[in-house]
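I opened the notebook for a first pass through this structure. The entries follow the order in which I looked things up.

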Amino acid sequence: MASVVARNVVKAFGSTEVLHGIDVEIPDKAFVVLVGPSGCGKSTLLRMIAGLEKVTAGEISIGGQVVNNVPPKQRNIAMVFQNYALYPHMKVFENMAFSLRLAKASDEIVQEKVHAAADALNLREYLDRYPRQLSGGQRQRVAIGRAMVRDPQVFLFDEPLSNLDAKLRVQMRTELKELHQRIGGTSIYVTHDQIEALTMGDRIVVMRDGYVEQVGSPLEVYDYPNNIFVASFIGSPAMNLFAGTVTAKDGLSIVLADDGTVLPLAQGHGVSDGRRVVYGIRPEYLALSKEGQGFETEVVVVEPTGADILVIGRTAGQELRASFHDRHDFRPGQRIWLNPRLDTVHLFDQETTRRLELDEADSDLPRFRAV
Amino acid sequence: MAVIGESPGRMPRVTLGARLHNNNNFLGLLFMIPAGIMLLVFLAYPLGLGVWLGLTDVKIGRPGKFIGLGNFRWLAQDSLFWLSVFNTLLYTVVASVIKFGLGLWLALILNKHMPFKAMIRAIVLLPFIVPTVLSAMAFWWIYDAQDSIISFLLIQLGLIDSNIDFLGKANNARASVIAANIWRGIPFVAITLLAGLQTISPTLYEAATIDGATRMQMFRKITFPLLTPIIAVVMTFSVLFTFSDFQLIWVMTRGGPFNATHLMATLAYQRAIVGGSLGEGSAIAVAMIPFLLSAILFSYFGLQRRKWQQGGTDD
């Protein structure tokens, strides 16, 4: 097992730079998720760790050894691809045994390791089939088995679940996490699905446009997003964000939205009046309240999800989302008052997009290692 | 619904035409008729006529009579016929093997990223585009005993002292026509195999790289097995074309020197059209059928979907 460290890693394709100095430290045995919208460079970073892409500048080390010029097969890594990349002309057994055969392992070792992996993944009865005869979930298990057979130092997953249907994806998510807890092994997992990132990762690396936006545990990233991008990308339904100005009104500090809506704040936040901010509140921290408490919204669409009721309303000239655990009888056109839980309100600077509490009153927040 | 005679007055009468119009079997038959007629007139009739002629002693200008297997008995004694069989097999085997090797090599090169890829691919197709008669005449000139450019260049380079008699000596002539056939046949093999190569997902090679495969191992364990179905198709067609080749030989050597390059197709033409013995020429052509049939049978089994291609309906 080994840690993986990227130091100031740059990747350019021709004159187009796609990664601009990435610093990430992945501790031994951790399950780290690289998440971001498509085109953010997460897959490129993973492929550089695998050795499938050359490092333009900076260095990548695995287990303390710089691997920039080490060919993939000597890096002791295994990779699971989005389209599974199973060899179609080989049976499941031979697919899983391929790396061992190439390494000229003895037949007993091949049998032992492949069967061990097949047992761990419930694939025993499929060993004699061709990939084409398997379902998507089974194929993905074979791909994982092929990785396990090699006892790699690091597992790399490149969007392994995105070709599966929704229900199977949820199931495989659990299976993968459980598998990681059982066999350990440093794992780096790339996805564009923030739910997958939150549910699977010990740590999440949020990326955008070739930069790392934030690194932290799932709840750190969810509860303390570094900036507007992370706040809006992580969490579903997404955080409500309103542009406004910090203003004193009737002796209280509030945010005055650009259309005049008053958005309440906890007092003593230390942000000076007149500062242009973005006010952020997650949908689940909005409580139904009496008239005059919080702010008003007009119900546009009601989406019951079973566990919750999601209300899409209109406030300050833009869409607002609020989710309620209790049953309420909302109707389109109805006007309701919503009161935000004040300790969950975030303020972001409009210029820098950074979260203000971090800049000015960050004493009681957990500090993340600058990884 | 359409109960004839007993349908109530309001029901529209279903005519025979309308019922046939809704009958899938009838419609299917109808649509197949044009293609069927084409096949009968242009394929089945000439083939049947050829076989029939092979069983007669028709000569040009003289109606013949049915002589059963007489032509074939006669051919079995004919050493020239057997020489043409040997020549045809030699021509087909040597040319096909080399076409396959070079074609696969070319396809692998063209599958790589390289500058001017599209242009190079177009150039590779050129021999296929040029009419065979034209390229045969060009080769005829290239192989000329006096003015051959190959001889000229080799003499200039100081590698040989006198002109090579390409088409004048038996084995030289055989090698020369085979070379011309290879030149002409490579584009088909290369471009088709290239199409096959492009269906192989690049992630398979990435997975194999991580699994620790060398380039050679990737070719042997991934590329080649995945290419076998298309190789079977391409080589069957290549063998059929080569075996029945006529134009190249007829333009370049007319079967000479001393019948060293006479193929079954050229001998059949010479006996039937030039010599006027339609019956005997047809018999030679008919004698090609077993060879061609065995190539087709080979492809029939080769073309059967591999086990790994079967099963599973998704993707």
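**Entries: chain A, then chain B**

I counted secondary structure in chain A and found 9 helices and 20 strands. I note here that the model is predicted.

I checked the extent of chain A next. Its C-alpha trace spans about 80 × 45 × 35 Å along the principal axes.

I then looked at burial. Of the 371 residues in chain A, 51% are buried. The accessible surface of chain A is about 16400 Å². Carbon and sulfur atoms account for 47% of that surface.

I turned to contacts within chain A, taking pairs at least 6 apart in sequence. Of these, 65% join residues at least 24 apart.

Chain A carries 41 positive and 47 negative charges. Their mean positions lie 7 Å apart.

Next I went to the largest pocket. I read its space as about 980 Å³. Its lining has 22 residues. I listed those nearest the centre: N111(B), K112(B), Y205(B), R215(B) and M218(B).

Which helices of chain B each supply at least two residues of that lining? I found α4 (79–110), α8 (170–198), α9 (202–211) and α10 (215–243).

Just after α12(B), I found G276(B) with a positive phi of about 85°.

Technical notes: Residues are numbered from 1 along each chain as its sequence is written. Chains are lettered from A and ligands numbered from 1 in the order in which they are written. This is a predicted model: local features need pLDDT of at least 70, side-chain atom pairs count only at pLDDT 80 or more; totals for chains, interfaces and linings use all residues. Side-chain values use heavy atoms; hydrogens and water are left out. Helices (H or I, at least four residues) and strands (E, at least two) are DSSP runs, numbered from the N terminus. Buried means under 20% relative accessible area, exposed over 50%, partly exposed in between (1.4 Å probe, protein chains only). Contact means heavy atoms within 4.5 Å. Accessible areas come from the Shrake-Rupley method with a 1.4 Å probe; for residues, only the protein chains shown count as cover. Lys and Arg count as positive and Asp and Glu as negative; His and the chain ends are not counted. The place of a charge is taken as NZ of Lys, CZ of Arg, CG of Asp or CD of Glu. On a 1 Å grid over the protein atoms alone, a cavity is a set of points where a 1.4 Å probe fits but cannot get out, and a pocket is an open set with protein on both sides within 12 Å along at least five of seven lines; lining residues have an atom within 4 Å of a point. Grid points are joined across faces, edges and corners, and a volume is the space filled by probe spheres set on the points.
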